[in-house]
Amino acid sequence: MLCQSFTASRFSSLRLYLLPTLMGLATLLSLLPTSALAEQATSEFPTLAEVVPLDLCYMVGEANFSLLHELNQRNQEPGPLGPHAKPMEFPPGLNRNITDQAVLVPLGSIQKLLWANAADYRYGAPSLLLIQTVRNIDVAELKKTHELAPDLDLTNTFEIKPFGGGRLARMIAPNRIVIASSQEHMDTFVEFQDKPINRRKSGASLFSESNFIFRYAQRKRPDQEEQVISDEQISEDPILKIIGSLDRTITQLVFQASVADDHSLLLKLEGQFNSAEAAKDASLKYKMGKAMLDSFFELYLEDTKLPPTFDSPAVENWPHLVLALKQLLENAQVEVNGNDCVIQTKCDPDLYDTLVNIWNKMPQVTARSNDLFRLRKVLSALEIYHLIHGHYPPSVIFDEESGHARSWRVELLKLMQDDDLKDLYEQYRKDEPWNSEANLKLLDASVSVFSSSWETDPHAASFYYVLGEGTPFDDEEPNRDQITDPRSETVLIVSADRNIPWTMPEDLNFEDTIDLNKLGIWNNDQVLVGTADNRTWILLKDFSPESWQNILLKADGKRVKIPEQYRPLKRAK
């Protein structure tokens, strides 16, 4: 159903899933400085929505990323400064280079972004994508990056290659570029620019807020069927029971987020219906939904705290975030005017200060996130190895021909879904000792997947097996079927500070890991572990010693209660 929310015929899916996401994004973007908003509002240069024909705006969204550029100018509290401290890392499918190719310019250079879909939109790329950069686009670099002819005139329509080609682009200003999914949509866009301004009907007519930081609109297609959610679906979903009928009467939905001069956040949701009666029904449905949200807030958020295993900036600022959400709920108002139903709310500027505080500590959040991502990547490679060989790689792998030993970490390089790591594996000489002159050179490669952001030694690993009788790796061919304890309560990998090179075939003994305080604490008072169900957990150094020993064993028959990791906890309990 989430995928369906991106088609022009799925209004209910949009309300249920997309809008909460957009509201969260809008909250984050509320940091946008007032001066930048004022400059945008008074600029004579047309906004992106003003240059898009309304006929291509059955689903249209526009975001302003000036916030990110402004925040990057702020002084942040330093995170770890070691050789393994890197920018935020992402899975291969979210590789930034791939995304840059899709939008033609580096993501970090984008100031504003608009996507628009025509009535015939189904799945795939938007009908139109407009990008505005902070500075003028480097034409020579764009041509080089995307392998375009040096003499190509980018102000004329040209084809681009990402995702199999078939998409068209052209520069419409020194810092603006448009990408179309078809020649028809590009022609419609170009013809629209030739019309006199007073005869244009653009996507901007859908919106009322000029100082927006995010806005989104969706209109019902002329040929759209009246009923897109079945009675059976409505009867099975408690949320759809409240708002499912609206899907048959709503004709247009608009969400806008903006900030006032004092940095207070303003949110507005506007619905147009096919009758005044339907609009009144929508206001009643809103009041029912609001009562549910109030109850949810009281039961699960009010007077709560985040567990200490959560990001420390979020833990520290959680009470302020909860208060902001409470204000948004308390200030929410609904108004019906003819066929229109409008819901709007706001919260105080305190949210601005809270989010600034969180942003100031983002290097710590990034480092922590990267460590979790790296360990998940290692666990995933272990799983792939097990699927191929029927068992996990042992701690020490002996080459069949030379007999030389190598670490399981070296063996996983080829399974990391990373071409650079695969190349490194090919360079490793299995017919030589791990510490031969040739193999030691590999330590100088920038390999951080086995290391914590807090590790200061560029060559040292941070992730280790625990070896010993009763542990998951006490067998020459360790098999997960040998794990009879719950896999979510059986540790495969622990983080530790041992100054052991990542290529060295050495891990930790059970006796050396019994005391959490002697492991070398990850991120202050915490230890990062990976369990046999491919999950990562964060344990505090005061974790029960008995439970810690139990979780290191694979078949002791003793259950272990792992502390809550993310869910808000009621202070009273």
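The model is predicted, and its chain holds 17 helices and 21 strands. Of the 573 residues in the chain, 49% count as buried, while the exposed surface comes to about 27800 Å², of which carbon and sulfur atoms supply 51%. When contacts in the chain between residues at least 6 apart in sequence are considered, 71% of them join residues at least 24 apart.

Strands of a sheet pair through backbone hydrogen bonds, and this pairing can be either parallel or antiparallel. Here, 11 strands form an open sheet with antiparallel pairing, in the order β4-β5-β6-β3-β2-β1-β7-β8-β9-β12-β11. The edges of this sheet are β4 and β11, each of which pairs on one side only, and the twist from one strand to the next averages 15°. Within the sheet, β8 and β9 pair in the antiparallel sense over 9 bridges, and S258 stands opposite L266 in β9.

| β4 | 158–160 |
| β11 | 333–337 |

Helix α6, which spans residues 183–193, lies across β3, β5 and β6, and runs at about 15° to β5.

Is helix α11, at residues 350–360, mostly covered or mostly uncovered? Helix α11 is mostly covered, with 8 of its 11 residues buried; the buried residues include L351, Y352, L355, V356, I358 and W359, and T354 and N360 are also among them.

Key. Residues numbered from 1 in each chain as written. Predicted model: local features only at pLDDT ≥ 70, side-chain atom pairs only at ≥ 80, totals over all residues. Heavy atoms only, no water. Buried < 20%, exposed > 50% of the residue type's maximum accessible area, 1.4 Å probe, protein only. Helix = DSSP H or I, 4+ residues; strand = E, 2+ residues; numbered from the N terminus. Pairing = 2+ DSSP bridges. Axes fitted to C-alpha atoms, helices over the stretch in contact; angles between N-to-C directions. Contact = heavy atoms within 4.5 Å. Areas by Shrake-Rupley, 256 points an atom, 1.4 Å probe, with all protein chains shown as cover.
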